Every structure is written in structure tokens, then in C-alpha cells.
Amino acid sequence: MLSAGCASNHPTVGAWRSGGFSPARTDTIALTLRPNPNAEDAELGRLLTAELKREGFKLVPLADADYTLAYAVEDDSTETYFPE
């Protein structure tokens, strides 16, 4: 899961992953799409898609994916730490 938020004028990005999540560029990835996303989520999705493609990852429909990636913009300015 990718989480991005702004408590100031400088955005921060946090990412969490399971131990088994280690995709290679040869693996296929599907992004979960939210119906009627707000402007921030739509922009994050556009930027994430562009960056994954730029890095050489193969994005495919959900039914064809080895991995599924979800993303969202959070309005919460509290930082949370999740130890592995």
C-alpha cells in the first residue's frame, strides 16, 4: 500500500508492504482503481502509473496480474509506525 499525505507544503510518502511482496519488472501489476476518485487520488494514480511505466513495470488488468497495488491520499497528518 502506498500512502501520501501533506501536513505542510512538503508532501510525504509512506509505503507498507508484506514480506512476500517483491515484484520484479517481469511480474505483472494491476492498480486498484477507485470509482469516482477525488482529484488528489486521481492525480496520485496518474503519477504512480507514469512512474511504474517509466521504471519498466508491466501494468495489466486485475484478472491478469501477479500482484495488485492499492493507493490512496490520506488527509491525516499523524504519522504512524508499523514495525515488521
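Q: How much accessible surface does the chain have, and what share belongs to carbon and sulfur atoms?
A: Bear in mind that this is a predicted model. The accessible surface of the chain comes to about 6400 Å², and carbon and sulfur atoms hold 53% of that area.

Q: What about the inside: what percentage of the residues is buried?
A: Buried means under 20% relative accessible area. Of the 84 residues in the chain, 21% are buried.

Q: Next, the layout. How many helices and strands are there, and what pattern do they follow along the sequence?
A: There is one helix, along with six strands. Walk along the sequence and you read β-β-β-α-β-β-β.

Q: How do I read strand pairing, and what order do the strands take in the open sheet?
A: Strands of a sheet pair through backbone hydrogen bonds, either parallel or antiparallel. Here, three strands form an open sheet in the order E4-E3-E5, and the pairing is parallel. Strand E4 (58-59) and strand E5 (67-69) are the edge strands, each pairing on one side only. Between E3 and E4, which run parallel, there are two bridges. For a spot to look at, find threonine 28: it stands opposite lysine 58 in E4.

Q: Which residues make up the largest nonpolar core?
A: Eight residues do: Ile29, Leu31, Leu44, Leu48, Leu52, Phe57, Leu69 and Tyr71.

Q: Where is asparagine 36 found, and is it buried or exposed?
A: Look in the loop between E3 and H1. Exposed means over 50% relative accessible area. Asparagine 36 has 77%, so it is exposed. Check its backbone too: phi is near 50°, a positive value in a residue other than glycine.

Q: One last thing, on contacts across the chain. What share of those with a separation of 6 or more joins residues 24 or more positions apart?
A: Among contacts in the chain with a separation of 6 or more, 72% come from residues 24 or more positions apart.

Note on methods
Residues numbered from 1 in each chain as written. Predicted model: local features only at pLDDT ≥ 70, side-chain atom pairs only at ≥ 80, totals over all residues. Heavy atoms only, no water. Core = buried A, V, L, I, M, F, W, Y, C linked by side-chain atoms within 4.5 Å. Buried < 20%, exposed > 50% of the residue type's maximum accessible area, 1.4 Å probe, protein only. Pairing = 2+ DSSP bridges. Helix = DSSP H or I, 4+ residues; strand = E, 2+ residues; numbered from the N terminus. Contact = heavy atoms within 4.5 Å. Areas by Shrake-Rupley, 256 points an atom, 1.4 Å probe, with all protein chains shown as cover.
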